[in-house]
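The sequence and the structure follow.

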Amino acid sequence: MTIKPLIILPDPLLRQVSAPIERVDAELEQLIDDMLETMYEAPGIGLAAIQVGVPRRLLVIDLAKEGEEPAPLIYINPEILKSSDERSVYEEGCLSIPDYYAEVERPASITVKSLGRDGKETVTEADGLLATCLQHEIDHLNGVLFIDHISRLKREMVIKRFTKAARQKI
């Protein structure tokens, strides 16, 4: 397994819409393993393929707490079928926007159709943290960042800060 470098704001790749995955093969299996390794190392609870520079509709999630057995969840070509009218608010962060957190309001529960690692279709009913994490990561696949769900003023300040930091690295 390989730990991949994370794509960080303001990299325009984060705004790219990811392409559907045509087949589950050895290359995809390797990408899944690399993404899990990268997510655990970061550490994070979710990672979309675009965040490691691969514009494909794949995400990995693991909500196991520290000290618990890892419980990785793999979602290939995830699609939200249904969202509740009820809303919930979570403080979100993102591996592509390090050390920045903001409260984001999203549907409290969702139904997601996807393929599992075995290539079989699954339907997931999610609420709580899993629902929030799935929506956050699916947003990535559509070129949307969690900062797009906060006020314009806060979003512009975050983008300006990360743009300035990126320029200083050059």
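## The buried helix α2

In this predicted model, the buried residues of helix α2 are Leu130, Ala131, Thr132, Cys133, Leu134, Gln135, His136, Glu137, Ile138, Asp139, His140 and Leu141. Twelve of the 14 residues of α2 are therefore buried, so that the helix is largely enclosed by the rest of the structure. The helix covers residues 128-141, and from its first C-alpha to its last it reaches 21 Å, which is close to the 20 Å expected at 1.5 Å a residue. Just after α2, Gly143 adopts a positive phi of about 75 degrees.

An α-helix has 3.6 residues a turn, so residues three or four places apart point the same way. One of the buried positions of α2 is Gln135, with a relative accessible area of 6%. Once residues up to four places away in sequence are set aside, Gln135 touches Ile80, Arg106, Pro107 and Ile110.

## The annotated binding site

Under the feature "binding site", an unreviewed UniProt entry lists Cys94, His136 and His140. Although these residues are spread over 47 residues of sequence, they cluster in space, with a largest C-alpha distance of 10.2 Å. Of the listed residues, Cys94 and His136 are included in the lining of the largest pocket.

What surrounds His136, beyond its neighbours within four places in sequence? The contacts of His136 are with Glu92, Gly93, Cys94, Arg106 and Phe146, and this list includes Cys94, which is itself named in the UniProt record for the binding site. His136 has a relative accessible area of 7% and counts as buried because that value is under 20%.

His140 also lies in helix α2 and is buried, at 1% relative accessibility. Leaving aside its neighbours within four places in sequence, His140 is in contact with Leu14, Gln16, Ala48, Ile50, Gln51, Cys94 and Leu145.

## The annotated active site

The feature "active site" is placed at Glu137 by UniProt, again in an unreviewed entry. Glu137 is found in helix α2, and at 3% relative accessibility Glu137 counts as buried.

Which residues does Glu137 touch, not counting those up to four places away in sequence? They are Gly46, Leu47, Ala48, Gln51, Leu59 and Ile61. With Ala48 there is also a polar approach, in which the backbone nitrogen of Ala48 lies 3.2 Å from a polar atom of the Glu137 side chain.

## Salt bridges in the chain

Side chains of opposite charge can pair when their charged atoms come close. A search of the whole structure finds ten salt bridges, and one of them joins the side chains of Asp148 and Arg15, at 2.5 Å from N to O. This pair links distant parts of the chain, with Asp148 in the loop between α2 and α3 (152-169) and Arg15 in the segment before α1 (26-41), 133 residues apart. Asp148 is partly exposed, with a relative accessible area of 26%, and Arg15 is partly exposed as well, at 36%.

A further salt bridge brings together the side chains of Glu79 and Lys113, at 3.9 Å from N to O. Here too distant parts of the chain are linked, since Glu79 belongs to strand β3 (residues 73-83) and Lys113 to strand β6 (residues 109-115), 34 residues apart. Both partners are partly exposed, Glu79 with a relative accessible area of 39% and Lys113 with one of 27%. Elsewhere, salt bridges that share partners join Glu29, Asp33 and Arg117 into one network.

The side chains of Asp25 and Arg23 also meet in a salt bridge, at 3.5 Å from N to O. In this pair Asp25 counts as partly exposed, at 22% relative accessibility, whereas Arg23 is exposed, with a relative accessible area of 56%.

How values were computed:
Residues are numbered from 1 along each chain as its sequence is written. This is a predicted model: local features need pLDDT of at least 70, side-chain atom pairs count only at pLDDT 80 or more; totals for chains, interfaces and linings use all residues. Side-chain values use heavy atoms; hydrogens and water are left out. UniProt positions are given in the numbering used here, feature names are shortened, and annotations may be inferred rather than shown by experiment. On a 1 Å grid over the protein atoms alone, a cavity is a set of points where a 1.4 Å probe fits but cannot get out, and a pocket is an open set with protein on both sides within 12 Å along at least five of seven lines; lining residues have an atom within 4 Å of a point. Helices (H or I, at least four residues) and strands (E, at least two) are DSSP runs, numbered from the N terminus. Buried means under 20% relative accessible area, exposed over 50%, partly exposed in between (1.4 Å probe, protein chains only). Contact means heavy atoms within 4.5 Å. A polar contact is a pair of N or O atoms within 3.5 Å; within protein, one must be able to donate a hydrogen and the other to accept it, and residues adjacent in sequence count only if both atoms are side-chain atoms. The expected span of a helix is 1.5 Å times one less than its number of residues. A salt bridge is a side-chain nitrogen of Lys or Arg within 4 Å of a carboxyl oxygen of Asp or Glu.
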